Amino acid sequence: MGNYWTSFFLNYLPHIAVALLVVGVIARLVFRNNTIHAKSSQLLQDDAMLKVSLNCFHWGILLVLAGHFLGLFTPRWMYLWLMSVETKRILAITMGSFFGLCAFFGILSLLIRRLRHERVKVNSGWGDIAIEIILTIQIFLGLSSTTTTIFSPISNYLAFDDWAQSVITFQPRAGLIIAEMPIIYKIHIVLGCIIFITLPYSKLMHFFVAPLQYFFRKSYQLVWKRKETSNVAVDEQMENRNLKTDD
């Protein structure tokens, strides 16, 4: 029974999550693309701290995701040309901790702001609050997992590379590779899969339609041109008004 749940959560669930993510994103883009947005609350309560929190969260989470992708899915023979396994682990711990803390500070600040400021809270849907709570928990689990990695043998660190690469190559016993790892890693993986499944139906969907062209657009300036009225036309209008008054 234990092997069944291990296989389901650590082997099959990642496949299910990615499949539902892809199908959900495509369906949302094709059939309901006009509903993709992230409501801004800056007009309700805007301050310098909000901008700092937004930047910390967005840049932090993007770089954490990039680190996960490169760290887990880069074949060992490829990075051994540049660095040792221990060097890679040190980089993963230091960079992951730094950007993870940035993302955690950002999302926690945004969550506290959403719950404390009455105008922001009233204009927030339950989905807005739920996704921020889930992301806060997930990032905290990631930071805790990083702390656990610091005090774990390097073989445990390498096991997650083997697990991730076995999952994407559809190895049937991939889950057994990390079956004996601490529970915090497994919760982090399962919650990540749940986020993937629900992402197409949340405001995180705007991640896939970010207006990147904004950063590469040509600069332009809007000039409003007032339509001038000739003096003759003005005189005629004045005469017509005078005639109506006399009548």
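Trainee: How many helices and how many strands does the chain have?
Mentor: The chain has 9 helices and 0 strands. Along the sequence, the pattern reads α-α-α-α-α-α-α-α-α.

Trainee: What should I know about the model itself?
Mentor: This is a predicted model, in which local features need pLDDT of at least 70 and side-chain atom pairs count only at pLDDT 80 or more, while totals for chains, interfaces and linings use all residues. Residues are numbered from 1 along each chain as its sequence is written, and side-chain values use heavy atoms, with hydrogens and water left out.

Trainee: What is the average pLDDT of the chain, and which elements have the lowest and highest means?
Mentor: pLDDT is the predictor's confidence in each residue, from 0 to 100. The chain averages 82, and 77% of the residues score at least 70. Helix 9 (residues 231–246) has the lowest mean among the elements, 57. Helix 8 (residues 183–198) has the highest, 95.

Trainee: Why is Phe31 called exposed?
Mentor: Exposed means over 50% relative accessible area, buried means under 20%, and partly exposed lies in between (1.4 Å probe, protein chains only). Phe31 has 68% relative accessibility, so Phe31 counts as exposed. Phe31 lies in helix 1.

Trainee: Which residues make up the nonpolar patch on the surface?
Mentor: Val18, Val22, Ile26, Leu29, Val30, Phe31, Phe196 and Val209. Together they have about 720 Å² of accessible area. Patch members have over 30% relative accessible area and no salt bridge; nonpolar side chains (Val, Leu, Ile, Met, Phe, Trp, Tyr) are joined within 5 Å, like charges within 9 Å. Helix 1 (residues 2–31) gives the most, with 6 residues.

Trainee: Which residues of helix 2 are buried, and what covers them?
Mentor: Leu50, Ser53, Phe57, Gly60, Ile61, Val64 and Gly71 are buried. Their cover includes helix 4, helix 6 and helix 7. Helix 7 has buried residues too, including Tyr157, Phe160, Asp161 and Trp163. Just after helix 7, Phe170 takes a positive phi of about 60 degrees.

Trainee: What makes Arg76 and Asp162 a salt bridge?
Mentor: A salt bridge needs a side-chain nitrogen of Lys or Arg within 4 Å of a carboxyl oxygen of Asp or Glu. Here the N to O distance is 2.7 Å, and the pair qualifies. Arg76 lies in helix 3 (residues 76–79) and Asp162 in helix 7, so the bridge ties together parts 86 residues apart in sequence. Arg76 is partly exposed at 30% relative accessible area. Asp162 is partly exposed, at 30%.

Trainee: How many salt bridges are in the whole structure?
Mentor: The search finds 5. One of them joins Arg89 and Glu86 at 3.6 Å, N to O. These two residues are 3 apart in helix 4, or about one helical turn. Arg89 is buried, with 11% relative accessible area. Glu86, at 33%, counts as partly exposed.

Trainee: Which residues are linked in a network of salt bridges?
Mentor: Arg114, Glu132 and Lys203. In the bridge between Glu132 and Arg114, the closest N and O atoms are 3.0 Å apart. Glu132 lies in helix 6 (residues 126–150) and Arg114 in helix 4, so this pair ties together parts 18 residues apart in sequence. Both Glu132 and Arg114 are buried.

Trainee: Why is Lys88 called buried?
Mentor: Its relative accessible area is 7%, so Lys88 counts as buried. Lys88 is found in helix 4. A contact means heavy atoms within 4.5 Å. Not counting residues up to four places away in sequence, Lys88 touches Gly71, Tyr79, Met83, Tyr157 and Asp161.

Trainee: Where is Ser97, and what is it in contact with?
Mentor: Ser97 is in helix 4 (residues 85–116). Leaving aside neighbours within four places, Ser97 is in contact with Ala92, Leu143 and Thr146. Ser97 and Val64 are 33 residues apart in sequence and 9.0 Å apart, C-alpha to C-alpha.

Conventions: Helix = DSSP H or I, 4+ residues; strand = E, 2+ residues; numbered from the N terminus. Areas by Shrake-Rupley, 256 points an atom, 1.4 Å probe, with all protein chains shown as cover.
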